[in-house]
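Please go through the following report with the sequence and the coordinates open beside it.

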Amino acid sequence: MTARTTPARPTAAPEGVAASGVDLFADAVDLQAVPVSRVDWRPPMDGTTDDLAVVAADPLRRDANARAVQAMLDVQAVLVDVAPASEVLGLEAGQFLHAGPPIAWEAATGPLRGGLMAAAALEGLVDDPEDAVALFERGDAVSLEPCHHRSAVGPMAGVVSPSMWMFVLEDPASGRRTYCSLNEGLGKVLRYGAYGPEVLERLRWMSAVLGPLLARAVKATGPVDVTGILTQMLQMGDEAHNRNRAGTLMLLRDLAPALAESSADAKDVADTLRFIGGNDHFFLNLAMPACKLALDAARGIEGSTMVVAMARNGTEFGIQVAGTGDQWFTGPAQVADGLFLGGYGPEDANPDIGDSAITETAGIGGFSMATAPAIVRLVGGTVPDALATTRRMREITLAENPRWSIPVLEFAGAPTGIDVGLVCRTQILPQINTGMAGNRAGVGQVGAGLVTPPAEIFPKALAALARRTRERAAG
Amino acid sequence: MTSPPLAAPRQHVEVRTGAYADSVALLQVSKDVAATAGVSSAQVAMATPLNLEVLESMGFDLPATTPNDMVVALMLAEDGDVQSALAAVDAALAASSRRGGGSVEEAPTRTTGRALAESGADLALISVPGQHAMVEAMDALDAGRDVMIFSDNMPLEHEIALKDVATERGLLVMGPDCGTAMVGGLGLGFANTTRPGPVGIVAASGTGCQQLMCLLDAAGVGVGAALGVGGRDLGSQVAGRSTREALRRLDADPTIELVVVVSKPPAPEVAAELREFAASLSTPVHLALLGAGQPDLTQAAEAVLGTLGTSAPDWPAWGGTAEGTNGTHLRGLFVGGTLCDESMLIAAAELGGIRSNIPLSPELALDSSLSADAHTMIDFGDDTLTAGRAHPMIDPTLRLDHLARAAADPSTACILMDVVLGHGAEPDPAGALAPAITAAIETARAAGRDLPVVVACVGTESDPQQLSRQARTLAEAGAEVHLSNARATRRAIALTGGTR
């Protein structure tokens with residue numbers, strides 16, 4: 001959008017008019033042979049009219065949003081290390097992180113409970129995952145905390161325990177870091193709530209072999225430019241949420257030489273290459289912290305209406321906004337609409353879960369659906385739907401990310417930076433591509449599809465922004 | 001043999017939550033549905049308090065609603081069937097939504113900001129309901145664009161906030177409640193087509209601006225730009241925020257030789273600032289401020305012509321009307337607020353206090369019946385009569401209803417009306433009004449009375465409706481028609497006074 005500095009002479013004809021409201025006046029402009037762009041205006045979400053006006057008039061808003069967007073776009077994410085959570089997050093025995101806004105065991109649904117049960121067994125707090133139920137019910141020897149509160153993000157259940165190895169991403173300019181666990185693959189895995197013996201066996205191998213090997217490879221290779229890989233993969237048909245195939249292979253390309261040259265056991269190297277290469281989602285766990293690193297740069301900008309996190313814990317969907325500190329605005333998580341694996345159906349699906357909506361918050365995933373026609377069927381859509389989705393997300397975002405350009409949309413940038421006000425005004429909700437976990441602990445993945453946040457959390461966030469604006473105005 | 005019981009009219013009322021269409025679109029939908037076989041009357045409207053009142057007066061029983069709901073109210077004829085009537089509603093709603101035609105991928109934009117970003121338009125035109133207009137207008141200012149806000153009922157603090165931002169960024173906010181503007185030959189809102197020329201207008205009054213443009217056009221003098229600023233701009237709270245920017249713009253334009261500011265009287269301290277600011281400009285500024293003892297708009301136009309070295313023509317008039325009357329009261333029925341004001345100012349000097357919904361002083365206010373045993377003048381374009389309803393220049397229903405009532409009232413001595421032409425107005429307002437004028441005259445005659453009807457028809461020959469063609473239609477219906485509202489008012493006063 002170009003801002004004009006010198007207004008045109010009032011006797012010079014306008015080049016075009018944007019018309020909102022009564023069609024008749026747009027018709028009149030049309031009849032006078034001046035191009036007119038008609039706005040499909042409709043009333044905002046219930047109860048938001050006054051708050052929208054207050055926030056629109058906030059003298060801080062425009063500049064605050066410009067700064068928030070710029071701060072986000074300026075961040076470069078590089079992979080600098082792979083290390084246990086106990087070291088990099090300071091997690092101690094009995095401390096567990098989880099996806100989404102804060103939640104207690106009592107309110108947790110199947111996949112989060114299953115993930116915690118697996119993690120408790122992995123940490124040796126119980127011998128049998130089933131025994132962990134009593135441990136969490138008692139609660140005195142364990143604690144739960146959102147990944148987001150420790151600069152981390154967790155896919156699906158997002159459970160992190162001290163012995164799990166984490167990717168460490170850094171913004172070279174600021175030195176800030178974010179973290180994410182290593183991707184386990186698909187099917188019966190902890191993040192989808194499975195806790196069987198094969199789940200624990202895989203997790204132990206990841207801690208014993210995969211993590212240390214990756215750490216050596218990253219150190220030998222030097223920082224890996226995750227932002228650069230994201231840029232390329234978006235042009236290669238990955239939207240970096242439900243499809244990460246190109247990104248995973250590019251990561252493998254970067255790390256494979258160092259893995260081969262390491263003095264590690266050849267079988268361990270081969271297993272590592274096979275595990276990463278065979279898991280199309282491996283790069284997701286780098287895309288997520290890269291997005292968080294960028295969005296965290298926009299946190300705490302007073303007056304900004306930009307969303308800096310969307311996350312779900314399987315019970316509630318929560319958002320955080322740049323202008324409202326670390327406050328969560330929450331509502332009930334929805335069940336995704338999509339396709340199911342095997343004999344599973346909608347009755348088996350748990351409400352939406354995971355921190356992976358951080359990708360949509362940053363403008364990829366569902367927001368960049370147009371770039372990933374190969375997976376539109378996986379999430380239950382069509383190619384025209386995908387193009388329409390990305391175009392629709394422009395309506396609720398503050399900017400287009402010039403780094404993430406989408407070839408099929410004439411290389412337009414990904415719609416980036418969700419604006420709480422625009423969501424309330426247009427009633428368009430962010431579109432999220434997601435996996436679906438089974439609603440019973442232990443089941444694992446049951447499908448994948450599309451989901452949106454509960455609408456009411458945006459008016460809640462708007463009300464908080466308006467309250468701050470009023471308080472500031474009152475001095 | 002007993003007569004069959006009278007079939008009670010069957011009504012069907014449903015509330016559609018989350019549905020929205022603008023008042024003009026719904027007016028057309030209601031008309032289309034009412035014309036459907038099996039439907040005796042129909043109203044599809046947003047559930048604003050005014051519309052609910054109208055629906056109740058039509059005999060509908062209404063459930064609880066919020067103003068964001070759409071109400072579909074159908075009165076079915078004896079042979080009517082709900083399903084086919086509802087099908088007609090849906091068809092009419094679909095037809096009214098011309099924007100639904102694009103492909104899935106090219107959905108229309110939902111905000112003014114998005115439309116500006118995608119289209120490269122350099123001006124925004126906002127006519128959404130007043131409480132929502134500020135947010136859309138702020139989009140334009142954020143994009144560095146000027147904005148015209150037609151919407152009325154905008155909270156004052158929204159107007160001030162917008163204009164403060166505009167001042168900071170050197171942008172122009174035309175409105176809110178700006179009925180008319182013309183920028184580079186493009187008419188916005190209700191606007192007449194005039195020849196281009198050396199006069200620039202700053203208007204805190206839509207129909208006042210239109211009257212001035214049309215009189216100048218009839219005198220052969222063109223207008224280069226007319227910048228509306230909204231009716232409150234020269235009040236003490238808004239304090240001329242937009243007027244100053246508009247004057248600055250016109251002063252900087254080398255093709256503008258003379259600027260006219262047309263408004264109701266500003267707050268005294270704002271008037272003083274305005275005079276001082278105008279004096280600081282290099283282009284001469286003529287202040288045409290309506291008020292008791294001040295020149296009317298026709299006299300203001302004549303003064304402008306004098307300054308430009310042109311003499312005023314004989315202002316055009318068409319037809320004649322009955323000279324006699326048995327009534328005592330003058331009834332003014334206006335769509336233009338400033339025209340109503342001007343007529344009240346002129347008439348008050350001759351006839352004393354005029355009762356009105358926009359009275360010159362508070363004790364003259366009419367209650368919601370809009371009638372009194374006195375001289376009355378009603379502005380049907382006033383905010384309170386347009387909340388959630390189309391402007392009377394588009395939707396003549398309320399005024400036609402009052403015309404019939406005035407004709408039936410034996411105390412009515414003369415009816416004075418305005419018809420405003422131009423872009424945005426009805427395609428053929430005279431065509432709709434003429435039969436009602438003839439019927440009014442005949443109603444009176446059947447009761448043994450003469451009923452003079454005088455019309456001010458504000459327009460130009462280049463308007464889509466064409467001034468002379470509209471005026472002739474009204475004259476043939478029995479009205480006396482003037483281009484000058486002041487002239488029309490003086491004739492109506494004379495015709496009213498003729499019986500005393």
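Which residue of β4(B) is the bridge partner of S20(A)? The partner is I126(B), and the sections below set this pairing in its context.

## Basis of the model

This is a predicted model, in which local features need pLDDT of at least 70 and side-chain atom pairs count only at pLDDT 80 or more, whereas totals for chains, interfaces and linings use all residues. Residues are numbered from 1 along each chain as its sequence is written, chains are lettered from A and ligands numbered from 1 in the order in which they are written, and side-chain values use heavy atoms, with hydrogens and water left out.

## Interface of chain B and chain A

In chain B, 67 residues are in contact with 55 residues of chain A, contact being heavy atoms within 4.5 Å. The buried area between the two chains is about 5,700 Å², with 59% of it given by carbon and sulfur atoms; this is the accessible area (1.4 Å probe) that two parts lose on being put together, summed over both.

Six salt bridges are counted between chain B and chain A, each requiring a side-chain nitrogen of Lys or Arg within 4 Å of a carboxyl oxygen of Asp or Glu. One salt bridge links the side chains of E136(B) and R425(A), at 3.0 Å from N to O. By class, the side of chain B that touches chain A has 30 nonpolar, 21 polar and 16 charged residues, where Ala, Val, Leu, Ile, Met, Phe, Trp, Tyr, Cys and Pro count as nonpolar, Asp, Glu, Lys and Arg as charged, and the others, Gly among them, as polar.

## A sheet across the two chains

An open sheet of five strands, with parallel pairing, has the order β2(A)-β1(A)-β4(B)-β5(B)-β6(B). Its edge strands, each pairing on one side only, are β2 (36-39) of chain A and β6 (173-174) of chain B. Strands here are DSSP runs (E, at least two residues), numbered from the N terminus, and two of them pair if DSSP finds at least two bridges between them.

Between the chains, β1 (residues 17-20) of chain A runs parallel to β4(B) and is joined to it by four bridges. Within chain B, β4(B) pairs with β5 (residues 146-149) in the parallel sense, also over four bridges, and A124(B) stands opposite V147(B) of β5(B).

A cis peptide bond, with omega of about 5 degrees, joins G175(B) and P176(B), and P176(B) is found in the loop between β6 and β7 (180-183) of chain B. D177(B), which lies in the loop between β6 and β7 of chain B, has a positive phi of about 60 degrees although it is not a glycine.
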